[in-house]
Amino acid sequence: MRILVTGGAGYIGSHTVVALLERGHDVVVADDFSNARPAVLDRVAELAGRRAALEVVDLTDAGRTDAVVAAAAPDAVVHFAGRKAVGESAERPLDYYRTNLDSTFSLLAAMERHGVRRLVYSSSATVYGDHAPVPYVETYEPLAAASPYGRTKVMTEQVLADVAAATPGLRVALLRYFNPVGAHPSGRMGEDPQGVPNNLMPYVAQVAVGRRERLAIFGDDYDTPDGTCLRDYVHVLDLAEGHVAALEHLDTMATPVRAFNLGAGRGTSVRELFDAFCAVVGRPLPHEVVARRPGDLPAYWADTTRAAEELGWRARRTIDDMVADTWRWQQANPEGYPA
Ligand code: WQD
């Protein structure tokens with residue numbers, strides 16, 4: 001198949017593009033490089049043995065997006081492109097709503113015009129909000145989110161459901177990621193956040209490589225086994241394989257629009273992840289416990305039944321795989337991808 005991958009130069013997008021190329025699919029990446037470096041696509045080509053085509057496009061430009069979809073004439077679209085920093089979204093809500101929603105509106109209009117009826121959408125466990133029972137199950141209602149970023153995910157899922165209901169033949173998989181971490185085992189691709197990392201794993205990696213002074217653990221007085229928060233960390237290669245599985249099952253899904261949790265199905269604490277990283281590095285890393293970060297939930301993880309039964313997908317890689325692959329990437333690329 002020919003797959004259009006929006007945000008294909010991003011962290012999860014690039015690892016998914018490698019997986020798609022390796023399986024013989026042709027790929028067109030649509031990216032504006034607002035949060036990724038072009039060098040990523042050279043690494044994709046190096047690892048996959050062939051290049052993805054590239055369209056540089058801001059998807060909020062409906063006309064340009066239509067031209068890209070017309071030229072690519074894809075069999076399916078994987079839609080990663082969007083802004084994803086929770087904290088930043090509270091500071092710049094209009095930017096998040098415009099970017100994340102307008103880009104999806106442009107894409108859906110272009111798909112409609114050009115008869116593209118297969119979509120895999122990058123959603124997030126954040127749509128479950130603050131009150132869902134753990135483990136999170138895809139049938140939970142009502143969806144709600146605690147940040148403008150999360151609300152763009154809830155809204156987009158609702159838009160996709162409505163558009164699919166009005167578009168015979170449109171099939172949409174909503175992939176709800178838990179905590180994506182890790183890197184390609186080659187050490188040639190990985191997470192390269194611009195600026196100070198918001199997320200735990202890249203921050204620890206930058207402490208380990210000497211770019212950051214110490215890890216601040218946001219609270220160790222939660223009602224959890226070691227007092228730090230539990231999250232469902234899932235290796236980015238497992239996530240990439242989950243996207244391939246979703247693409248391959250779009251036509252046989254039980255409903256035209258269907259959500260799937262992509263998680264490991266277990267909770268790992270901040271301290272457990274940090275200690276695993278120290279073990280891989282072979283020395284203790286500087287850290288301090290500070291105040292809780294507002295908005296953090298104590299513990300959540302995925303119920304993984306639906307993805308296993310309907311997509312034949314399970315996360316296979318361990319926490320030790322995640323930290324070892326992250327460390328190999330960070331050591332080999334202390335400053336991330338070349339500019
Ligand atoms: C994990 C744990 C922190 C940094 C976020 C988004 C979610 C999704 C994944 C997009 C928490 C602790 C972190 C640090 C720390 N993104 N921590 N010190 O918050 O679970 O999820 O990323 O879809 O929408 O909310 O991930 O990595 O930020 O935090 O102690 O410097 O690590 O308190 O307990 P989170 P995270």
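Q: How far is the sulfur of Cys229 from the closest cysteine sulfur?
A: In this predicted model, the closest cysteine sulfur to that of Cys229 belongs to Cys278. A disulfide needs two cysteine sulfur atoms within 2.5 Å. The separation here is too far for a bond, at 18 Å.

Q: How many disulfides does a search of the whole structure find?
A: A disulfide is a covalent bond between the sulfur atoms of two cysteines. Cys278 takes part in none, as its nearest cysteine sulfur, that of Cys229, is 18 Å away. For the whole structure the search returns a count of 0.

Q: Is Cys229 buried or exposed?
A: The cut-off for buried is under 20% relative accessible area. Cys229 has a relative accessible area of 6%, so the residue is classed as buried.
The value for Cys278 is 11%, and Cys278 is likewise buried. For Cys229, then, the class is buried.

Q: Which strand gives the most residues to the shell around the ligand?
A: The ligand is surrounded by 19 residues, and the closest are Tyr149, Leu200, Ala216, Arg231 and Asp296. By type, the shell divides into 11 nonpolar, 5 polar and 3 charged residues. The strand that gives the most, with 4 residues, spans residues 215-218 and is β8.

Q: What is the distance from a nitrogen atom of the ligand to a polar backbone atom of Ala216?
A: The cut-off for a polar contact is a pair of N or O atoms within 3.5 Å. For the ligand nitrogen and the backbone of Ala216, the distance is 2.8 Å.

Q: What percentage of the area that the ligand exposes when taken alone does the protein bury?
A: Taken alone, the ligand exposes 680 Å². The part of that area buried by the protein is 90%.

Q: Is Tyr97 buried, exposed or partly exposed?
A: Tyr97 is in helix α5, which spans residues 93-113. Its C-alpha atom is 9.6 Å from that of Met155, a residue 58 positions away along the chain. Buried means under 20% relative accessible area and exposed means over 50%. Tyr97 has 23% relative accessibility, so the class is partly exposed.

Terms used. Residues numbered from 1 in each chain as written. Predicted model: local features only at pLDDT ≥ 70, side-chain atom pairs only at ≥ 80, totals over all residues. Heavy atoms only, no water. Near = heavy atom within 4 Å. Polar contact = N/O pair within 3.5 Å; in protein donor to acceptor, adjacent residues only side chain to side chain. Areas by Shrake-Rupley, 256 points an atom, 1.4 Å probe, with all protein chains shown as cover. Helix = DSSP H or I, 4+ residues; strand = E, 2+ residues; numbered from the N terminus. Nonpolar A, V, L, I, M, F, W, Y, C, P; charged D, E, K, R; others polar. Buried < 20%, exposed > 50% of the residue type's maximum accessible area, 1.4 Å probe, protein only.
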